[in-house]
Amino acid sequence: MDWDLLNISFELDWQRVILVSQAVSRAELHRMYQRLRRLRLYKYGRAIASHPFQMDLPEYGRAKAVEWAYRVKSAFTTRGGAINAG
């Protein structure tokens, strides 16, 4: 057996994944895998939306934007007012 062909990731190439099951077809297993991924994404989305720190995200975003603006302004003024000055 060529072990380099062993692929257990459905995301890369689900049609070539080596299956050990005779009861579940390749297409059915892929559908179950896709459903599991959707359910996991839904679960994480709900957890993030209901997290208490979620309320701090807009304020954090504003603070980072202001910090970035000050960094750009200071970089612009230290170069003599020209962005491409070197």
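Predicted model: local features only at pLDDT ≥ 70, side-chain atom pairs only at ≥ 80, totals over all residues.
E59 sits in helix α3; helices here are DSSP runs of H or I with at least four residues, and strands are runs of E with at least two, numbered from the N terminus.

Residues are numbered from 1 along each chain as its sequence is written, and side-chain values use heavy atoms, with hydrogens and water left out.

**Exercise 1. Work out which partner E59 has in a salt bridge.**

Step 1: A salt bridge is a side-chain nitrogen of Lys or Arg within 4 Å of a carboxyl oxygen of Asp or Glu. The general idea is that side chains of opposite charge can pair when their charged atoms come close.

Step 2: Find the partner. E59 pairs with R62, and their closest N and O atoms are 3.0 Å apart. The two side chains are also joined by a polar contact of 3.0 Å (a pair of N or O atoms within 3.5 Å; within protein, one must be able to donate a hydrogen and the other to accept it, and residues adjacent in sequence count only if both atoms are side-chain atoms).

**Exercise 2. Decide whether E59 and R62 are buried, partly exposed or exposed.**

Step 1: Recall the cut-offs. Buried means under 20% relative accessible area, exposed means over 50%, and partly exposed is in between (1.4 Å probe, protein chains only).

Step 2: Apply them. E59 has 48%, so it is partly exposed. R62 has 49%, so it is partly exposed too.

**Exercise 3. Trace the salt-bridge network that includes K64.**

Step 1: Start at K64. Its salt bridge goes to E67, with the closest N and O atoms 3.5 Å apart. Both lie in helix α3, three residues apart.

Step 2: Carry on from E67. Its side chain also meets that of R71 in a salt bridge (3.7 Å, N to O). This pair is four residues apart in helix α3, again about one turn of the helix.

Step 3: K64, E67 and R71 form a linked network of salt bridges. K64 and E67 are each partly exposed, K64 at 37% and E67 at 37%.

**Exercise 4. Describe the whole protein, and say where confidence is lowest and highest.**

Step 1: Go through the elements. There are three helices and zero strands, in the pattern α-α-α along the sequence.

Step 2: Check burial. Of the 86 residues, 5% count as buried.

Step 3: Check confidence. pLDDT is the predictor's confidence in each residue, from 0 to 100. The protein averages 76, and 71% of the residues score at least 70. Confidence is lowest in helix α1 (residues 10–13), with a mean of 67, and highest in helix α2 (residues 26–49), at 86.
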